[in-house]
Amino acid sequence: MKDSSTQLALREMRQWIGTPKKLGGMTLAAVLATIMQPFGFRIPGTIGLTLIYWLLIIGVTFPTGFVISNFCARRSHRPCRSALSAAVAMAIAVTLVVYAINIVFLGWGPSEAERLGRVFVSGGSVAALVTLLVHMVLAPGSEGSVQSQSPKTTRLLERLPRGARGPIQHLAAEDHYTRVTTSQGSSLVLLRFSDALQDVAPTPGLQVHRSHWVSYDAIDKAERRGDATQLILINGSSVSVSRGHMPKLRAKGIL
């Protein structure tokens, strides 16, 4: 089965960069790099070739960083640990990507330790620093993360005690009640499950069983246990998936 953390990161990355503003910003960055030629990388040939070089560098490293940062954030819910993991992984990834592109554009050899080290110091260290800064800005409690970390207002959240309100992760039917699990804990609400499914909107997620609904952001991975399929959530709990709902999970790239 596919790792849903990676799949969710890829899907979010496609949604994020697939807008004219984001693509325009990346193109502008490539144009500025073409003019300034940072890190001492001088591309022989026309200015058009230099622009292609920087478009490749930015077009590959930016999505790579997005996927790495999201993957690390989903794998570790300790901000410091996820930030450090993402920074180290990003430094290595950028070093390898830039070196591979330099083999093509600058004629470097496939295993020149001195140049590899130079790329790591100049490009990898910058990528690691930028990754750390991004994680600090977007960390819970920071000013820049208020909008992204605060749960979306839903009618279902309004039914919960204030101390239990947070991003909704899981809904489970229990007789005439619905158990609502958020990042802040679990609460039992006197509400039919069918009504809870309506009140949870606009939180992105899907029903995976007649008695269970999960948020996309709460899914850590999918596991096959014998003939059964279960979703492992980021809080460590597991949710059974019925056969009738598996096509929806496959369509979302979770299975």
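Me: What do I need to know about the model and the numbering first?

Reply: This is a predicted model, so local features need pLDDT of at least 70 and side-chain atom pairs count only at pLDDT 80 or more, while totals for chains, interfaces and linings use all residues. Residues are numbered from 1 along each chain as its sequence is written, and side-chain values use heavy atoms, with hydrogens and water left out.

Me: OK, sheets. What is the strand order in the five-strand one?

Reply: The order is S3-S2-S1-S5-S4, an open sheet with antiparallel pairing. Strands here are DSSP runs of E with at least two residues, helices are runs of H or I with at least four, and both are numbered from the N terminus. Two strands pair if DSSP finds at least two bridges between them.

Me: Which strands stand at the edges there?

Reply: Strand S3 (185-189) and S4 do. Each has a single partner strand, so one side of each is left without a neighbour in the sheet. The twist averages 20° from one strand to the next, with axes being lines fitted to C-alpha atoms (for helices over the stretch in contact) and angles running from 0 to 180 degrees between N-to-C directions.

Me: How does S5 pair with S4, and how many bridges are there?

Reply: Strand S4 (residues 205-209) and S5 are antiparallel, with four bridges. Leu206 has Val214 in S5 as its bridge partner. The two strands form a hairpin with two residues between them.

Me: And how many bridges join S1 to S5?

Reply: Three bridges join strand S1 (residues 168-174) to S5, again antiparallel. Ala172 stands opposite His212, and His170 has Val214 as its bridge partner in S5.

Me: Are the faces of S5 covered or open?

Reply: Both faces of strand S5 (residues 212-215) are covered. His212 and Val214 are buried on one side, and Trp213 and Ser215 are buried on the other. Buried means under 20% relative accessible area, exposed means over 50%, and partly exposed is in between, using a 1.4 Å probe and protein chains only. In a regular strand the side chains alternate between the two faces of the sheet.

Me: Switching to Thr178. Where is it, and is it buried or exposed?

Reply: Thr178 is in strand S2 (residues 177-182). Its relative accessibility is 0%, so Thr178 counts as buried.

Me: What lies 2.8 Å from a polar atom of its side chain?

Reply: The backbone oxygen of Leu191. For reference, a polar contact is a pair of N or O atoms within 3.5 Å; within protein, one must be able to donate a hydrogen and the other to accept it, and residues adjacent in sequence count only if both atoms are side-chain atoms. Leaving aside neighbours within four places in sequence, Thr178 is in contact (heavy atoms within 4.5 Å) with residues including Leu171, Ala172, Val189, Leu191 and Phe193.

Me: What about the three-strand sheet?

Reply: That one is open too, in the order S6-S7-S8, with antiparallel pairing. Strand S6 (219-225) and strand S8 (238-241) are at the edges with a single partner strand each, so one side of each has no neighbour in the sheet. Neighbouring strands are turned by 30° against each other on average, direction ignored.

Me: Where does Gln230 sit?

Reply: Gln230 is in strand S7 and stands opposite Ser240 in S8. Strand S7 (residues 228-233) and S8 pair over four bridges. Gln230 is buried, with a relative accessible area of 15%.

Me: Now charges. How many salt bridges?

Reply: The count comes to six. A salt bridge is a side-chain nitrogen of Lys or Arg within 4 Å of a carboxyl oxygen of Asp or Glu.

Me: What does Asp199 pair with?

Reply: Among its partners is Arg155, with the closest N and O atoms 3.2 Å apart. Arg155 is in helix H7 (residues 155-158) and Asp199 in helix H8 (residues 193-199), 44 residues apart. Asp199 also meets Arg159 in a salt bridge at 3.5 Å, N to O. Arg159 lies in the loop between H7 and S1, so that pair ties together parts 40 residues apart in sequence.

Me: Which residue does Glu174 pair with?

Reply: Arg179, with the closest N and O atoms 2.8 Å apart. Glu174 is partly exposed at 32%, and Arg179 is partly exposed at 27%. As for networks, salt bridges that share partners join Arg155, Arg159 and Asp199 into one.
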